[in-house]
Amino acid sequence: MMRAFAVAAAACCAIAAASAREGASAQPPRELAAAGTVQVAFPPWDDAEGLVVAAIGAARRQIRVQAFSFSNRAIARALVAARQRGIDVAVTADREQVYGAGFTRIPELAGAGIPVWLEVRYAAAHSKVMIIDADTRESVVITGSFNWTSAAQRKNAENLLIVRRNRELALAYLANWERRRAQALPYGRPTR
């Protein structure tokens with residue numbers, strides 16, 4: 001009995017030590033200067049979908065997307081149109097949402113030549129982020145609770161924040177996108 005208790009206690013200590021090491025490796029959050037403009041929308045009352053489509057339409061170089069759920073036709077069409085006009089578009093998406101949660105537009109994006117990676121490291125890749133022209137003065141970061149879904153615009157109480165012309169913020173989001181993509185698997189490759 002004492003041996004079982006000692007083994008259990010040692011296991012708990014090992015788990016606690018591992019958790020402490022993980023926490024110790026976390027870096028303090030960055031503080032960035034306020035810059036640019038901020039626009040906010042609160043669907044279903046505000047047209048967040050239209051704001052996202054317009055921002056995609058204004059892209060000049062690059063669009064990076066982090067998606068949890070992605071079923072919005074207008075946003076998918078805007079991304080495909082951006083790709084067709086020469087914009088570098090790429091997407092990371094939550095694996096479980098792509099393969100197990102019902103309808104998704106991810107196959108449509110991939111079929112249009114947009115590179116897609118599936119995030120497999122986390123229980124949920126829950127980010128809803130779009131980074132547009134991060135390395136320019138006209139950078140755009142779109143984030144909030146708003147999923148890239150029709151329900152987010154029409155059925156849910158959501159929020160969307162668009163930060164324009166804050167290059168440092170856009171580059172921070174882009175670095176996070178790149179880090180997450182590096183841990184993801186290309187869409188179409190077995191992920192289980």
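**Ground rules.** I count two strands as paired if DSSP finds at least two bridges between them. My helices (H or I, at least four residues) and strands (E, at least two) are DSSP runs, numbered from the N terminus. I'm working with a predicted model, where local features need pLDDT of at least 70 and side-chain atom pairs count only at pLDDT 80 or more, while totals for chains, interfaces and linings use all residues. Residues are numbered from 1 along each chain as its sequence is written, and side-chain values use heavy atoms, with hydrogens and water left out.

**Entry 1, the sheet.** I looked up the inventory and found seven helices and eight strands in the chain. In what order do the strands form the sheet? I read it as β1-β7-β6-β5-β2-β3-β4-β8, an open sheet with mixed pairing. β1 (37–41) and β8 (185–186) are at the edges with a single partner strand each, so one side of each has no neighbour in the sheet. I then checked β2 (residues 62–67) against β5 (residues 129–132): they run antiparallel and are joined by four bridges. Across that pairing, isoleucine 63 is opposite isoleucine 132 in β5.

Next I asked what helix α7 (residues 167–182) packs on. It packs on the sheet, touching β2, β3 (88–94), β4 (116–119), β5, β6 (140–144) and β7 (160–164). A contact here means heavy atoms within 4.5 Å. The direction of α7 makes about 60° with that of β2; axes are lines fitted to C-alpha atoms, for helices over the stretch in contact, and angles run from 0 to 180 degrees between N-to-C directions.

**Entry 2, the rings.** Rings of Phe, Tyr and Trp (its six-membered ring) pair if their centres lie within 6.5 Å; planes under 30 degrees apart are stacked, over 60 edge-to-face, and the rest tilted. I got two aromatic pairs by this rule. Tryptophan 117 and tryptophan 177 are edge-to-face, 6.0 Å centre to centre with 85° between the planes. Tryptophan 117 is in strand β4 and tryptophan 177 in helix α7, so this pair ties together parts 60 residues apart in sequence. Phenylalanine 146 and tryptophan 148 are also edge-to-face, at 6.1 Å and 75°.

A charge sits over a ring if NZ of Lys or CZ of Arg is within 6 Å of the ring centre and within 35 degrees of the ring normal. The charged end of arginine 64 sits over tryptophan 177, 5.0 Å from the ring centre, and that of arginine 181 over tryptophan 117, at 5.2 Å.

Is tryptophan 177 buried or exposed? Its relative accessible area is 1%, so I noted it as buried (buried is under 20% relative accessible area, exposed over 50%, partly exposed in between, with a 1.4 Å probe and protein chains only). Phenylalanine 146 and tryptophan 148 are buried as well.

The axes of α2 (residues 48–57) and α3 (residues 73–84) come within 9 Å and cross at roughly 5°. That makes α2 and α3 roughly parallel (under 35 degrees; over 145 is roughly antiparallel, 65 to 115 roughly perpendicular, the rest oblique). Glu49, Val52, Val53 and Ile56 of α2 meet Ala74, Ile75, Ala78, Leu79 and Ala82 of α3. I followed up glutamate 49, which is buried at 12% relative accessible area. Beyond four places in sequence, glutamate 49 touches Asn72, Ala74, Ile75, Phe146, Gln153 and Arg154.
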